[in-house]
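This briefing sets out selected local features of one protein model. The points are grouped by topic and are meant to be read alongside the sequence and the coordinates.

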Amino acid sequence: MSKVLLVTGAGRGIGAAIARAAGKAGYRVVVNYAHSKDAAEALAGEIKQHGGEAVAIQGDVGVEADIERLFKAIDDKYGRLDALVNNAGVIGPYGKVEALKAKDVEQLLSINVTGALICAREAVRRMSTARGGKGGVIVNISSAATTLGSPNEFIAYAASKGAINSMTIGLAKEVGNEGIRVNAVEPGLIETEIHEAAGPPGRLARLTPSVPLGGRGGTADEVAGPVLFLMSDAASYMTGAIIRVGGGR
Ligand code: NAP
């Protein structure tokens, strides 16, 4: 039977591109969404129309009970899990640190960090060879913000992605002997709706001229490619790696 992949936050943006590419590559794809029900169901339908297998399942990764329900639904439907892409994320509050509110930071961290960690927990419980699993792969979607820092705009977001990198390195070491590889990609400026979610409009257009590779933003498909590579056997000796997909930025 073909491998089962969960992509969190896959109704739109980078997650949708990863789910679509994985469907084409033969994975059975769980398209998780929080709010984008129609888009997630349409994407699962599209994957099936192309001869693949997919299901859309709701679940807010900022809520532990939702994550547990999501993984239980995967157990019930497919009875196995081979790969997790921790993609769901929000950009959080815009502005300088001097204006930050704790409740906004906590909400950001609950999705970007706690959500990714708890999804990883559930995946490890199912995939670890030490727990009777067959091994597997986790790919975490980090950000170029980890090293750029996003001053004046999104430092809390950058910090949340720094945590993702630390988690990637630590978990890779923790489960390296349990058949699980854990890697991350750091997208740069990718053309999705996330840039308009907070702050003044036109962020992408303002920043993309500074991208060394052609002065352009990347596409979600250009992130999906490296993610599919990291999930594949071609990356069988890669774990704890953090791959920049930032057009040189
Ligand atoms: P996007 O277009 O805004 O999409 C965000 C996705 O995350 C949506 O599918 C959304 O689902 C999902 N999501 C948000 N909160 C969620 C929650 N609580 N539970 C489950 N899903 C949730 O953003 P994107 O650019 O594709 O971002 C995807 C990932 O790439 C994020 O981790 C982001 O930080 C990272 N990234 C993006 C860029 C970029 O330039 N675009 C650069 C670096 C890193 P619903 O619509 O269903 O709520």
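A residue counts as buried under 20% relative accessible area, as exposed over 50%, and as partly exposed in between. On that scale Ile155, with a relative accessible area of 36%, is partly exposed. The model is predicted.

- Ile155 belongs to helix H6, which runs over residues 155-174.
- Together with Val97 and Leu100, Ile155 forms a nonpolar patch on the surface.
- The accessible area of these three residues together is about 220 Å².

- Leaving aside neighbours within four places in sequence, Ser160 is in contact with Leu108, Leu109, Asn112 and Val113.
- Asn112 is part of helix H4, which covers residues 102-127.
- Asn112 is likewise buried, because its relative accessibility is 2%.
- Not counting residues up to four places away in sequence, Asn112 touches Ser160 and also Tyr157, Lys161 and Ile164.
- Asn112 and Glu68 stand 44 residues apart in sequence, and their C-alpha atoms are 17 Å apart in space.

- Helix H8 comprises the twelve residues 220-231.
- At 1.5 Å a residue H8 should span 16 Å, and the 17 Å between its end C-alpha atoms agrees with this.
- The buried residues of H8 are Ala220, Val223, Ala224, Val227, Leu228, Leu230 and Met231.
- Viewed down the axis of H8, these buried residues fall within an arc of 155°, so they line one face of the helix.
- The buried residues of H8 pack against strands S1 (4-7), S4 (83-86), S5 (136-141), S6 (180-187) and S7 (242-245).
- Helix H1 (13-24) is also among the elements against which the buried residues of H8 pack.

**Salt bridges**

- The structure contains 17 salt bridges.
- One of them joins the side chains of Glu41 and Lys37, at 3.3 Å from N to O.
- Glu41 and Lys37 are four residues apart in helix H2 (residues 37-49), so about one helical turn separates them.
- Glu41 is partly exposed at 38% relative accessibility, and Lys37 is partly exposed at 42%.
- A further salt bridge links the side chains of Asp75 and Arg126, at 2.9 Å from N to O.
- Asp75 lies in helix H3 (residues 64-78) and Arg126 in helix H4, so this pair ties together parts that are 51 residues apart in sequence.
- Both partners are partly exposed: Asp75 has 28% relative accessibility and Arg126 has 24%.
- The side chains of Arg121 and Glu122 also meet in a salt bridge, at 2.8 Å from N to O.
- Arg121 is partly exposed at 23% relative accessibility, whereas Glu122 is buried at 5%.
- Through shared partners, salt bridges join Arg121 and Glu122 with Glu64, Glu68, Asp75, Arg125 and Arg126 into one network.

- Most residues other than glycine have a negative phi.
- Which phi does Ser150 have, positive or negative? Ser150 is not a glycine, yet its phi is positive, at about 50°.
- Ser150 is in the loop between helix H5 (145-148) and helix H6.
- With a relative accessibility of 12%, Ser150 counts as buried.
- Asn152, also not a glycine, has a positive phi of about 70°.
- Asn152 is found in the loop between H5 and H6.
- At 45% relative accessibility, Asn152 counts as partly exposed.

Key:
Residues are numbered from 1 along each chain as its sequence is written. This is a predicted model: local features need pLDDT of at least 70, side-chain atom pairs count only at pLDDT 80 or more; totals for chains, interfaces and linings use all residues. Side-chain values use heavy atoms; hydrogens and water are left out. Helices (H or I, at least four residues) and strands (E, at least two) are DSSP runs, numbered from the N terminus. Buried means under 20% relative accessible area, exposed over 50%, partly exposed in between (1.4 Å probe, protein chains only). The expected span of a helix is 1.5 Å times one less than its number of residues. The arc is that of the directions from the helix axis to the C-beta atoms. Contact means heavy atoms within 4.5 Å. Patches are made of residues with over 30% relative accessible area and no salt bridge: like charges are joined within 9 Å, nonpolar side chains (Val, Leu, Ile, Met, Phe, Trp, Tyr) within 5 Å. Accessible areas come from the Shrake-Rupley method with a 1.4 Å probe; for residues, only the protein chains shown count as cover. A salt bridge is a side-chain nitrogen of Lys or Arg within 4 Å of a carboxyl oxygen of Asp or Glu.
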